Amino acid sequence: MAKNKEIKTNAMRILDRMKIPYSHYTYECEEFIDGVQVADMLGLPHEKVYKTLVAQGASREYFVFVIPIEAELDLKKAARAVGEKSVSMIHVKEINSVTGYIRGGCTAVAMKKQYRTVIDESAEALSSMIVSGGRIGSQIELAPQDLAKACGAQFGDILA
């Protein structure tokens, strides 16, 4: 049986460096599919799988929000959580230049720059959560507090 050599993403290398334990899941995928489809492909419970969204504030600063895959980000609550008048989602074509990741493979860990990050407070009740591993076809499972530590995040009420 051939051993599949695991290719680490920058996010995984940072977690390794910080000695943060995580599990890695892979799936076959050529292009963007949403988090619900990913969870279904991997047989993962929807309530544990989170997506990473990037928004820009009125100040022109970028912010990262990590929310459950079936939830909607409340832009007013999100703005309040980061002390902005307002925030708006960045355009899909900007994701790579802002984060270094592509749509569907965006994770809060190891972005080009360390942006202010808010993880929805629902994650605090979980023993583990699942987020993108930093590329399409890769998911990582880790404790919410460890994700917060790895990307300097805070928890907040940001759902619609």
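Q: Why is helix H5 described as largely enclosed by the rest of the structure?
A: In this predicted model, 6 of the 8 residues of helix H5 (residues 144-151) are buried, so the helix is largely enclosed by the rest of the structure. Buried means under 20% relative accessible area, exposed over 50%, and partly exposed in between, with a 1.4 Å probe and protein chains only. Helices (H or I, at least four residues) and strands (E, at least two) are DSSP runs, numbered from the N terminus. The buried residues of H5 are Pro144, Asp146, Leu147, Ala148, Ala150 and Cys151.

Q: What covers the buried residues of H5?
A: The cover includes helix H1 (10-17) together with strands E3 (62-68), E5 (116-120), E6 (129-132), E7 (138-142) and E8 (154-156). Contact here means heavy atoms within 4.5 Å. Just after H5, glycine 152 takes a positive phi of about 60°.

Q: On what basis is the model read, and how are residues numbered?
A: Residues are numbered from 1 along each chain as its sequence is written, and side-chain values use heavy atoms, with hydrogens and water left out. Because the model is predicted, local features need pLDDT of at least 70 and side-chain atom pairs count only at pLDDT 80 or more, whereas totals for chains, interfaces and linings use all residues.

Q: What makes a set of residues a nonpolar core, and which residues have the most contacts inside the largest one?
A: A nonpolar core is a set of buried Ala, Val, Leu, Ile, Met, Phe, Trp, Tyr and Cys residues joined through side-chain atoms within 4.5 Å. The largest such core has 29 residues, and Val66, Ile119, Met129, Val131 and Leu147 have the most contacts inside it. H1, E2, E3, H4, E6, E7 and H5 each supply at least two residues of this core, and H5 gives the most, with 4 residues. Apart from this core lies another, of 15 residues, among them Leu53, Ala55, Ile67 and Ala81.

Q: Which residues does isoleucine 119 contact, leaving aside its neighbours within four places in sequence?
A: Isoleucine 119 is in contact with Val66, Met129, Pro144, Leu147, Ala148, Ala153, Gln154, Phe155, Gly156 and Ile158, when neighbours within four places in sequence are left aside.

Q: How do you know how many disulfides the structure holds?
A: A disulfide is a pair of cysteine sulfur atoms within 2.5 Å, and the structure holds 0 of them. Cysteine 29 is in no disulfide, and the nearest cysteine sulfur, that of cysteine 106, is 15 Å away. The sulfur of cysteine 151 is 11 Å from the closest cysteine sulfur, in cysteine 106, which is too far for a bond.

Q: Why are cysteine 29 and cysteine 151 called buried?
A: Cysteine 29 has a relative accessible area of 19%, so it is buried. Cysteine 151 has a value of 0%, and therefore is buried too.

Q: Why is phenylalanine 65 called buried, and what does it touch?
A: Phenylalanine 65 lies in strand E3, and its relative accessible area is 0%, so it is buried. Not counting residues up to four places away in sequence, phenylalanine 65 touches Lys51, Thr52, Leu53, Ala55, Leu73, Ala78, Val82, Val118 and Ile158.

Q: What makes the pair of tyrosine 62 and tyrosine 115 edge-to-face?
A: Rings of Phe, Tyr and Trp (its six-membered ring) pair if their centres lie within 6.5 Å; planes under 30 degrees apart count as stacked, over 60 as edge-to-face and the rest as tilted. Tyrosine 62 and tyrosine 115 lie 5.7 Å centre to centre with 70° between the planes, so the pair is edge-to-face.
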